[in-house]
Amino acid sequence: MDAASNEVRRLREIAEGVYGLEALFDVAGRLVWISPSIHRITGRTPEECLGAPDAIVFLVHESDRNYCLRMARKVAEGGPPANFEMRLMRADGRICWVACHWRRLGDDSTHPAGLRMSAEDIQARKETEYKLLETVTELRRAQALRERYLARSNDERQRLSALLNVIRLGILFMDRDHRVLYYNRAMLSIWGFAPDENLIGMRDVVLQSRVVALLEQPEAYFEHIAGVLQMHGVSEAHEISLRDGRIVTDVSTVVESAEGQRWIGRVWIYEDVTEERKIARKMVELAERDPLTNLFNRRRFHEELNRLLAEATRHEVHVGLIAIDLDGFKPINDEFGHQAGDAVLVGLAQAVGGVIRRNEMFFRLGGDEFGVLVPDAEERDLCELARRILEVIDTQRFEFEGRSTSLTASLGIALFPQHADNPEQLIAVADQAMYCSKNRGRDRWTLAGSEAHESDRMASSESDEPICRGD
């Protein structure tokens with residue numbers, strides 16, 4: 001009896017000293033014994049667990065509870081041992097992951113003595129998996145990873161490789177010896193390599209020689225690479241122009257080791273931004289050009305006027321403004337429709353644009369109003385330009401519904417700073433001169449001024465009124 005008592009005591013000491021979790025259930029699923037390690041894992045005492053009406057309901061998280069009960073029942077009914085992971089509820093409300101193993105007790109498979117559950121605390125591993133999932137999701141922003149993250153490195157490598165291959169960014173890892181360690185499909189596509197090309201182990205100088213034919217400015221690009229390789233932090237985004245018209249940006253940084261004591265390589269991120277640049281240019285064009293005539297619009301007119309006047313002030317030169325308003329445009333719209341009016345505006349814009357020189361800027365200000373800005377202008381040059389504009393408009397003929405029609409224009413000329421010393425005043429003076437042309441018979445230009453002019457100028461009675469000239 002003493003020997004048996006000592007043996008029982010030793011067995012109890014062993015059972016109560018196990019590090020993992022051990023529990024015994026009867027065939028009805030009631031807890032009959034649980035190791036003290038339950039307190040370390042969940043913060044619950046064995047007495048609390050034994051006193052609960054249903055230990056599984058008391059300990060197991062509600063999301064895993066039904067599954068745990070179903071698997072325990074299958075084992076009790078003669079099924080094979082069951083291994084699975086589940087969450088236990090801690091006393092402080094947090095969860096704790098365990099890997100558990102359920103098997104029957106006793107040799108009688110028909111009427112087992114009960115069930116034994118052995119569990120191992122895997123909370124640390126689970127926390128590591130979740131952190132890795134969050135890091136990958138935040139870095140790539142392209143796809144959510146599976147709810148559960150497998151710990152084995154080979155499986156993780158496959159998932160990460162699949163993720164990097166579906167994103168549009170090209171990724172290239174180079175090791176400390178300047179050899180290719182990893183690349184994704186987008187990198188091959190951006191740099192013109194075949195989808196099945198194998199670059200692993202290739203040195204950077206060989207890689208550069210393979211792409212040199214694609215580069216618009218190879219020497220400038222390789223100089224950029226040499227500069228980046230001297231840096232340790234994240235480089236600024238650099239634009240690379242390719243001969244096929246594409247634009248690619250690159251960003252690079254070194255990759256630190258896990259210990260942070262040395263660097264293990266460098267990562268390059270490439271992005272094809274060709275379409276983005278096209279869209280950006282198109283948006284700028286839409287913002288500053290008239291959609292009908294493709295001339296610069298009123299917004300761009302005011303920007304250029306302010307800029308030219310500021311430059312003229314610094315350099316003490318003149319800026320000319322010619323205001324143009326079409327004569328007889330409304331009757332064309334009324335008689336032939338707005339499509340005919342649009343055709344007239346487009347035709348005149350193209351014709352007048354042919355006499356505008358490269359340093360002059362032609363604008364559609366709205367409706368049938370146009371304007372020309374002339375930097376470093378002189379009065380004689382502005383008058384000559386106005387004459388050419390009138391002549392080209394006079395020669396235009398348009399056919400609508402089998403009938404020929406034409407129109408004329410009234411022009412007003414103002415000069416900065418001779419006639420005005422700010423943008424608003426210059427516009428007002430040019431408009432006043434243009435209306436003078438309309439009042440004096442149209443199809444003519446008028447130069448704003450306050451002094452007597454030659455006999456071919458039709459001077460007004462007031463010295464501060466514009467001076468009208470016939471064509």
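By a cavity I mean, on a 1 Å grid over the protein atoms alone, a set of points where a 1.4 Å probe fits but cannot get out. A volume is the space filled by probe spheres set on the points, with grid points joined across faces, edges and corners. Lining residues have an atom within 4 Å of a point.

Some ground rules. This is a predicted model, in which local features need pLDDT of at least 70 and side-chain atom pairs count only at pLDDT 80 or more, while totals for chains, interfaces and linings use all residues. Residues are numbered from 1 along each chain as its sequence is written, and side-chain values use heavy atoms, with hydrogens and water left out.

The protein has 16 helices and 19 strands; these are DSSP runs numbered from the N terminus, H or I of at least four residues for helices and E of at least two for strands. Of the 471 residues, 42% are buried, meaning under 20% relative accessible area with a 1.4 Å probe and protein chains only, where exposed is over 50% and partly exposed lies in between.

Now the cavities. There are two of 30 Å³ or more. The largest cavity holds about 90 Å³ of space. Its lining has 13 residues, and Phe25, Leu59, Val60, Met86 and Met117 are the ones nearest the centre. At least two lining residues come from each of β1 (21–25), β2 (31–34), α4 (55–59) and β3 (82–89). By class, the 13 are nonpolar, with no polar and no charged residues. For the classes, Ala, Val, Leu, Ile, Met, Phe, Trp, Tyr, Cys and Pro are nonpolar, Asp, Glu, Lys and Arg are charged, and the others, Gly among them, are polar.

The second largest cavity has a volume of about 50 Å³. Its lining consists of Ile324, Leu326, Leu348, Ala349, Val352, Phe362, Phe370, Ile389 and Ile393, which is nine nonpolar residues and no polar or charged ones. The largest share, three residues, is from α14.

Helix α14 also packs against a neighbour. The axes of α13 (residues 329–336) and α14 come within 6 Å and cross at roughly 140 degrees; the axes are lines fitted to C-alpha atoms over the stretch in contact, and angles run from 0 to 180 degrees between N-to-C directions. The two helices are therefore oblique, since under 35 degrees counts as roughly parallel, over 145 as roughly antiparallel, 65 to 115 as roughly perpendicular and the rest as oblique. On the α13 side the contact (heavy atoms within 4.5 Å) is made by Phe329, Ile332, Asn333 and Phe336, and on the α14 side by His338, Ala340, Gly341, Val344 and Leu345. That contact divides into six nonpolar, three polar and no charged residues.

Next, a pocket, which is an open set with protein on both sides within 12 Å along at least five of seven lines. The second largest pocket has a volume of about 350 Å³. It is lined by 20 residues, with Met174, Asp204, Ile225, Leu229 and Trp268 closest to its centre. The lining divides into 14 nonpolar, three polar and three charged residues.

Last, some backbone details. Phe416 and Pro417 are joined by a cis peptide bond, with omega about 0 degrees. Pro417 sits in the loop between β16 (408–416) and α16 (423–439). Glu316 is not a glycine, yet has a positive phi of about 55 degrees. Glu316 lies in the loop between α12 (298–315) and β11, and counts as exposed at 74% relative accessibility.
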